[in-house]
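Subject: Structure handover

Hello,

Here is the structure I promised to pass on. Please load it first, then read the notes below it.

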Amino acid sequence: MAQQRIGIIGAGILGPAIGRELLRRRPGARVIVVDKEDGVAVHQTGHNSGVVHAGIYYEPGSLKATLCARGRNLLRDYCAEKNLPYDEVGKLVVAVTPEDVARMDALAARAGANGVPGLRRVDAAGIREIEPHAAGLAALHSPHTAITDYQRVAAAFADDIVTAGGEIRLSFPVTAISRHAGGVEIGSNAGSVTVDRLIICAGLHSDVVSGLAADVPGPRIVPFRGEYMLVRPEKKDMVRGLIYPVPDPRYPFLGVHFTRRINGEVEVGPNAVLSFAREGYRRSSFSVPDLRALASWPGTWRMARRHWRTGIREMHGSLSVSAYMKEAAQYVPEIGVADVRRAGAGVRAQAVDADGTLVDDFRIHRLGPIIAVRNAPSPAATSSMAIAEHVVDHLDERP
């Protein structure tokens with residue numbers, strides 16, 4: 001029997017996680033992961049805050065809720081096995097207004113349904129016991145929320161693939177996907193590869209690459225830049241772990257928060273500002289093709305009409321450190337404008353349906369011998385090993 005050939009487009013964290021899982025289950029398969037960049041985890045994976053989520057926020061029964069719970073445990077064990085950093089610093093989700101408290105109660109019920117381990121409610125005094133410099137009326141404390149280095153995790157997945165006989169082919173920008181009797185051909189200016197099964201997890205370009213495989217137009221990726229501030233060294237010890245606001249249920253974003261990184265630094269952010277380029281890590285970033293794609297998608301305009309006030313507020317925070325930190329200082333009042341400097345940024349691949357809805361759950365499409373991951377924002381890194389199991393479970397199903 002001939003070796004099964006399986007191609008994966010995308011070497012963020014999901015592509016290598018899926019490739020590793022395939023070779024773990026199917027050691028005789030020929031697995032090849034391709035990516036247009038010259039390294040692994042260059043975009044979303046390499047620009048996130050490194051948080052390992054416990055599953056507080058997600059709709060019970062959704063793919064996010066199910067795969068985050070499973071993925072967290074798998075990731076913890078994998079980091080221990082590979083001697084990768086993994087630190088359960090804990091998270092406070094802090095309510096600073098009576099309206100926040102009401103939303104926090106609903107969030108606690110959701111987290112309970114998701115089986116978040118060790119979650120408890122604390123009052124103002126309890127907040128100060130956990131985070132002495134934090135302020136709020138009440139909070140949810142998640143002691144098992146952790147931090148790691150997802151670039152190192154993705155690199156370890158890639159190493160596992162190569163060790164098991166698979167291939168990581170970089171600098172391979174996909175320009176065409178075609179199906180024929182011999183399989184699925186992946187075309188590039190760097191050559192071509194023919195496979196029996198193809199998995200697309202192209203992140204910021206997932207809709208474009210899926211379109212090459214004749215997938216449906218929606219959802220379309222609308223990029224949002226998330227900008228960070230870095231707390232100056234003399235005040236970074238004011239934050240022991242993670243301090244988050246109670247999120248606005250209208251949005252899949254979690255709001256500006258304080259995050260201790262695995263290297264000991266503390267960041268504030270990210271915000272969520274519409275980006276004019278899919279890889280727009282600077283405010284000056286601009287791409288005509290990306291803008292054309294945004295403008296041609298009806299969901300972009302419907303989303304803008306629905307959320308323009310929030311968009312203006314986020315833009316104000318992007319332009320003004322004072323406005324940015326005014327919001328953040330509600331949670332840690334002693335860290336202000338003078339205590340931070342602008343740091344890096346990431347871009348979130350936010351899927352938007354044609355009706356303007358911000359897609360919240362993971363969304364995976366089936367196209368004959370092709371599986372396309374069309375929406376995999378946070379907690380995709382936390383969930384990566386569980387998403388890999390899910391995709392491989394369904395790889396050979398008939399559409």
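How much of the chain is helix and how much is strand over residues 6-393, and how far apart are the end C-alpha atoms? The chain there is 33% helix and 27% strand. The end C-alpha atoms are 14 Å apart. That range comes from UniProt, where an unreviewed entry lists residues 6-393 as "domain: FAD dependent oxidoreductase". Please keep in mind that this is a predicted model.

**Cores**

The largest nonpolar core has 41 residues. Within this core, I8, I18, L22 and I199 touch the most other members. Several elements give two or more residues to this core: strands β1 (5-9), β2 (30-34) and β21 (370-375), and helices α1 (14-25), α2, α5 and α10 (380-393). The top contributor is α10, with 8 residues.

Take I18 as an example. Leaving out residues up to four places away in sequence, I18 touches I8, I199, C201, A388, V391 and V392.

There is also a second, separate core. This one has 23 residues, among them V94, V122, I127 and V332.

**Aromatic pairs**

The count is 2 aromatic pairs. One is made by Y57 and Y58: the ring centres are 6.0 Å apart and the planes are at 65°, so the pair is edge-to-face. Both tyrosines are buried. Y57 has a relative accessible area of 8%, and Y58 has 6%.

The other pair is Y78 with F157. Here the centres are 4.9 Å apart and the planes are at 55°, so this pair counts as tilted. Y78 and F157 are 79 residues apart, and their pair links distant parts of the chain. Y78 sits in helix α2 (residues 63-82), while F157 belongs to helix α5 (residues 150-163). Y78 is buried at 2% relative accessible area. F157 is buried too, at 0%.

One charge over a ring is also on my list. K91 lies over the face of Y244, 4.0 Å from the ring centre.

**A buried lysine**

Is K64 buried or exposed? K64 is buried, because its relative accessible area is 2% and the limit for buried is under 20%. This lysine lies in helix α2. Which residues does K64 touch, not counting those up to four places away in sequence? Its contacts are Y58, R348, D360, D361, F362, P377, S378 and P379. Y58 in that set is a member of the edge-to-face pair above. S378 and P379 come up again below, as the two residues of a cis peptide bond.

**Helix α9**

Helix α9 covers residues 321-328, and its buried residues are Y324, M325 and A328. Seen down the helix axis, these fall within an arc of 85°, so they line one face of α9. What covers them? The cover includes strands β14 (220-231), β16 (257-260), β17 (266-269) and β19 (340-352), plus helix α8 (298-319).

**Backbone points to check**

Most residues other than glycine have a negative phi, and most peptide bonds are trans. The following are worth a look with that in mind.

- G269 and P270 are joined by a cis peptide bond, with omega about 0°. P270 is in the loop between β17 and β18 (273-274).
- S378 and P379 are also joined by a cis peptide bond, with omega about 15°. P379 is in the loop between β21 and α10.
- S171 is not a glycine, but its phi is positive, near 55°. S171 is in the loop between β9 (167-169) and β10 (174-180). It counts as partly exposed, at 42% relative accessibility.
- A214 is not a glycine either, and its phi is positive at about 70°. A214 is in the loop between α6 (206-212) and β14. With 62% relative accessibility, A214 counts as exposed.

Best regards

Key. Residues are numbered from 1 along each chain as its sequence is written. This is a predicted model: local features need pLDDT of at least 70, side-chain atom pairs count only at pLDDT 80 or more; totals for chains, interfaces and linings use all residues. Side-chain values use heavy atoms; hydrogens and water are left out. Rings of Phe, Tyr and Trp (its six-membered ring) pair if their centres lie within 6.5 Å; planes under 30 degrees apart count as stacked, over 60 as edge-to-face and the rest as tilted. Buried means under 20% relative accessible area, exposed over 50%, partly exposed in between (1.4 Å probe, protein chains only). Helices (H or I, at least four residues) and strands (E, at least two) are DSSP runs, numbered from the N terminus. A charge sits over a ring if NZ of Lys or CZ of Arg is within 6 Å of the ring centre and within 35 degrees of the ring normal. The arc is that of the directions from the helix axis to the C-beta atoms. Contact means heavy atoms within 4.5 Å. A nonpolar core is a set of buried Ala, Val, Leu, Ile, Met, Phe, Trp, Tyr and Cys residues joined through side-chain atoms within 4.5 Å. UniProt positions are given in the numbering used here, feature names are shortened, and annotations may be inferred rather than shown by experiment.
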